[in-house]
Amino acid sequence: MSISAKLDALPRTPLAHAPTPIERLNNLSAVLGGGPLYVKRDDCTGLAMGGNKARQLEYYFGEALEKKVDTVLITGAVQSNFVRMAAAAAAKLGLDCHIQLEERVGDAGADYRQSGNVLLDRILGATIHTYPEGEDEAGADANLKTIADELDSAGKRPYIIPLAPGHPPLGALGYVRAAAEILSQVEDLDDGIDDIFVASGSGSTHAGLLFGFRSLDWPIRVTGVCVRRNRDLQLERIANRCQEIARLLDMDNPVTSDDIRVTDETYSPGYGKLNDQALEAIDLCARREGLLLDPVYTGKAMAACLSHVRGTGKNQSTLFVHTGGTPGLFGYAKQLPLSEQA
Ligand SMILES: *Cc1c(COP(=O)(O)O)cnc(C)c1O
């Protein structure tokens with residue numbers, strides 16, 4: 001059975017505008033002095049300001065609808081894009097949504113707590129719960145389960161979107177599917193592509209793409225840029241995710257350990273905390289290309305991508321997968337590089 005037939009056999013509900021375009025960043029390529037840089041615009045997937053979670057949620061909500069639930073629950077960081085897009089998908093599909101926001105970033109100020117994604121969560125009508133710990137995945141999951149049990153006792157039919165490792169990686173399937181979309185677009189580019197860079201957090205996007213490319217026999221280099229944990233932990237996580245995808249699709253895992261490339265050169269000082277490299281990437285993309293990055297994921301991922309492109313030859317092309325997150329800019333307004341007032 002082909003990979004696309006395997007994917008089609010699983011429940012899925014369309015949420016993303018796809019295919020998203022691939023654009024050539026001419027000004028930025030010229031400034032960097034290396035080979036051409038392209039961007040895959042998955043920040044433009046349409047659902048409530050877009051991002052990579054639209055493709056991932058297609059499979060979670062596919063399962064939720066099949067189970068005929070009436071309420072979805074999800075947990076994430078205060079400025080989580082996943083939570084915001086889950087709230088949007090629930091609204092669109094006529095389901096209630098409960099979200100739990102975890103304190104992962106420490107005292108990040110009033111904008112962080114109230115603006116950006118949090119503002120959108122509230123506009124979208126989600127019920128918000130908070131969890132005081134950011135690095136306690138098991139505790140946050142247990143608390144979400146308690147909320148689900150209470151809803152169940154009150155006669156609701158809850159469905160938890162399970163993001164922690166150990167659950168079938170339904171979200172990654174959105175990017176196994178997207179791999180075929182990217183391959184067919186790259187075949188139409190004059191330059192072709194030698195390297196792909198993408199933010200690597202839960203690993204669903206990174207592992208899903210890698211799994212998809214290899215199952216299509218495309219040996220493209222894919223580098224995941226750490227945004228949530230260091231390189232060693234992320235390497236292990238991506239390897240596990242690929243195994244889990246293989247199990248879920250009931251097929252052999254085509255990804256070898258040599259295929260898994262991860263860098264954490266732009267990760268410090270930690271999740272959701274800006275650094276100079278990310279600020280430079282945000283600044284360059286905005287001022288040279290009118291392209292907005294986000295402070296938590298794509299700023300850091302693009303920073304690593306820029307450092308790679310600076311070292312490439314003229315005929316070596318790179319594709320950056322823009323995973324979205326731009327509402328987060330409003331949560332970090334006071335830390336961003338702004339132009340002077342005239
Ligand atoms: C969630 C997210 C990521 C990380 O994607 P994973 O699939 O969790 O690795 C990257 N960029 C943005 C903007 C995100 O919201």
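I began with proline 19, whose place is in the loop between helix H1 (3-8) and strand S1 (22-24); helices (H or I, at least four residues) and strands (E, at least two) are DSSP runs, numbered from the N terminus. The peptide bond that leads from alanine 18 into proline 19 is cis, with omega near 0°. I noted that this is a predicted model, in which local features need pLDDT of at least 70 and side-chain atom pairs count only at pLDDT 80 or more, while totals for chains, interfaces and linings use all residues. Residues are numbered from 1 along each chain as its sequence is written, and side-chain values use heavy atoms, with hydrogens and water left out.

Proline 269 has its place in the loop between S9 and helix H11 (276-289). I wrote beside this that most peptide bonds are trans, and that most residues other than glycine have a negative phi.

Next I turned to backbone angles. Alanine 48, in the loop between strand S2 (37-41) and H3, has a phi near 45°, a positive value in a residue other than glycine. Alanine 48 counts as partly exposed because its relative accessibility is 27%, given that buried means under 20% relative accessible area, exposed over 50%, and partly exposed in between (1.4 Å probe, protein chains only). Aspartate 250, placed in the loop between H10 and S9, also has a positive phi, near 55°, and it counts as exposed because its relative accessibility is 64%.

Is aspartate 259 buried or exposed? I found that aspartate 259 counts as buried, because its relative accessibility is 14%, and that it lies in the loop between helix H10 (231-249) and strand S9 (261-263). Its side chain is joined to that of arginine 214 by a polar contact of 3.1 Å; such a contact is a pair of N or O atoms within 3.5 Å, where within protein one must be able to donate a hydrogen and the other to accept it, and residues adjacent in sequence count only if both atoms are side-chain atoms. Not counting residues up to four places away in sequence, aspartate 259 touches Leu210, Arg214, Val222 and Pro254, contact meaning heavy atoms within 4.5 Å.

I went on to helix H4 (residues 81-93), which is mostly covered, with 10 of its 13 residues buried. Among the buried residues are Phe82, Val83 and Met85, and what covers the buried residues of H4 includes helix H3 (53-66), strand S3 (71-77), strand S4 (96-102) and helix H6 (117-123). At the N-terminal end, serine 80 caps H4 with a side-chain oxygen 3.1 Å from the backbone nitrogen of phenylalanine 82, and just after H4, glycine 94 takes a positive phi of about 75°.

Last, I traced the open sheet, in which 4 strands run in the order S5-S4-S3-S6 with parallel pairing; two strands pair if DSSP finds at least two bridges between them. Strand S5 (127-131) and strand S6 (158-160) are the edge strands, each pairing on one side only. S3 and S4 pair in the parallel sense over 7 bridges, and I noted that threonine 75 has glutamine 100 in S4 as its bridge partner.
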